[in-house]
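Here is a short report on a protein chain and its ligand.

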Amino acid sequence: MLVAGIDVGSLTAEVVLIKDGNIIHYVIMPTGSNSKKAAERALDSALHAMGMKEPDLDYVVATGYGRISIDIADKRITEITCHGRGAVYLNPGVRTVIDIGGQDSKVIRLNDEGKVFDFAMNDKCAAGTGRFLEVMAQALEVGIDELAGLSEKARDTVAISSMCTVFAESEVVSLIARGLPREEIARGLHQSIADRTAGLVRRVGMEELVMITGGVAKNRALVKALNEKLVTTIIVPEEPQIAGALGAALLAQEELSS
Ligand SMILES: Nc1ncnc2c1ncn2[C@@H]1O[C@H](COP(=O)(O)OP(=O)(O)OP(=O)(O)O)[C@@H](O)[C@H]1O
Ligand SMILES: [Mg+2]
């Protein structure tokens, strides 16, 4: 039995393949401007790597904001359900999932059976999301994967007062122009995202264990700031970006066996 989970987000598309209950392969690719094409590309690449073809698939579940356009999917399921399912598979003790992607952030509360019972979401603006960090990395002239390292060098924090991404970007530019240390500004930016995320966590109420998924989980400085804010030790999976696609693949498997 071969199933696939496809998660097409605003920035990246992921595919996870499960064969006879085992995860056999995954891919992460940029979404680009066409989510339908991104899904096809990612699925083809995953199947090709395994020497398989589309007709070999028994069931496909699609999730993510681009899921509507994925014709090959047998079923479409929300990101909330898929990230929850993926997280519980990775650690059955997880009760709170924080997913921070490129354009939104969400906090999902799971019950003792690992099912979603509440969630809070910020999808209204870029503040508190991966996009915010990307804009700020650019302003600080570092790559997105260098932002955490920069922040870790800071001895102090320069607080960022603007909430909005556009205003925060001008604030960062003028702080740099005033000669404030870039690493301290970077630390302030991570604090700002951690504050926003902690606010979302408070809305649903935190229960341990807590796991973070989505690309922003790869940012160590943010995870550290969140650990301090929430007074917990957040679990970071080995590949946090595929949690949604993994959940989708697991749900595909359940559809077939139900
Ligand atoms: N190596 C890395 N180091 C730090 N941050 C990273 C790294 N790789 C990705 N990111 C962050 O992850 C974000 C993308 O996350 P993800 O791939 O989960 O988004 P998405 O699922 O496409 O978006 P959404 O779910 O909001 O539609 C980027 O904006 C960036 O901030
Ligand atoms: Mg996503």
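Axes here are lines fitted to C-alpha atoms, for helices over the stretch in contact, and angles run from 0 to 180 degrees between N-to-C directions. Helices (H or I, at least four residues) and strands (E, at least two) are DSSP runs, numbered from the N terminus. This is a predicted model: local features need pLDDT of at least 70, side-chain atom pairs count only at pLDDT 80 or more, and totals for chains, interfaces and linings use all residues. Residues are numbered from 1 along each chain as its sequence is written, while chains are lettered from A and ligands numbered from 1 in the order in which they are written.

**Helix packing**

| Pair | Axis distance | Angle |
|---|---|---|
| H2 (residues 79-90) and H8 (residues 243-257) | 7 Å apart | about 90° |
| H3 (residues 130-139) and H5 (residues 165-177) | within 10 Å | roughly 20° |
| H6 (residues 182-204) and H7 (residues 220-230) | within 9 Å | roughly 50° |

Angles under 35 degrees count as roughly parallel, over 145 as roughly antiparallel, 65 to 115 as roughly perpendicular and the rest as oblique.

Take H3 and H5, whose axes cross at roughly 20°. H3 is therefore roughly parallel to H5. Their crossing is right-handed; that is, the near helix is turned clockwise from the far one by less than a right angle. H3 brings Phe 132, Val 135, Met 136 and Ala 139 to the contact, and H5 brings Thr 165, Glu 169, Val 172 and Val 173. Residues are in contact if their C-beta atoms, placed from the backbone, lie within 7 Å. The H3–H5 contact has six nonpolar residues, one polar and one charged. Ala, Val, Leu, Ile, Met, Phe, Trp, Tyr, Cys and Pro count as nonpolar; Asp, Glu, Lys and Arg as charged; the others, Gly among them, as polar.

H6 and H7 cross at roughly 50°. H6 is therefore oblique to H7. This crossing is also right-handed. Among the H6 residues in the contact are His 190, Ile 193 and Val 201; H7 residues include Leu 222, Leu 226 and Lys 229. The contact holds nine nonpolar, three polar and two charged residues.

H2 and H8 pack at about 90°, so they are roughly perpendicular to each other. H2 contributes residues including Cys 82, His 83 and Tyr 89, and H8 residues including Leu 246, Leu 250 and Leu 251. By class, there are nine nonpolar, five polar and two charged.

**Domains**

The chain divides into domain 1 (1-91 + 242-258) and domain 2 (94-236). These bounds come from an automatic or database domain assignment. The C-alpha centres of the domains lie 26 Å apart. Domain 1 gives 14 residues to the contact and domain 2 gives 18. H2 supplies the largest share of the domain 1 side, eight residues. That side has six nonpolar, eight polar and no charged residues.

**Ligand 1**

The shell around ligand 1 has 21 residues; Gly 9, Gly 101, Gly 102, Gly 130 and Gly 215 come nearest. A residue is near a molecule if its C-beta atom, placed from the backbone, lies within 6 Å of it. Each domain supplies at least three shell residues. H3 gives the largest share, four residues. Five shell residues are nonpolar, eleven polar and five charged.

**Backbone details**

Most residues other than glycine have a negative phi, and most peptide bonds are trans. Asp 20, in the loop between strands E2 (12-19) and E3 (22-30), has a positive phi near 45°. The peptide bond from Glu 208 to Leu 209 is cis, with omega near 0°. Leu 209 sits in the loop between H6 and strand E9 (210-213).

How values were computed. Two residues are in contact if their C-beta atoms, placed from the backbone, lie within 7 Å.
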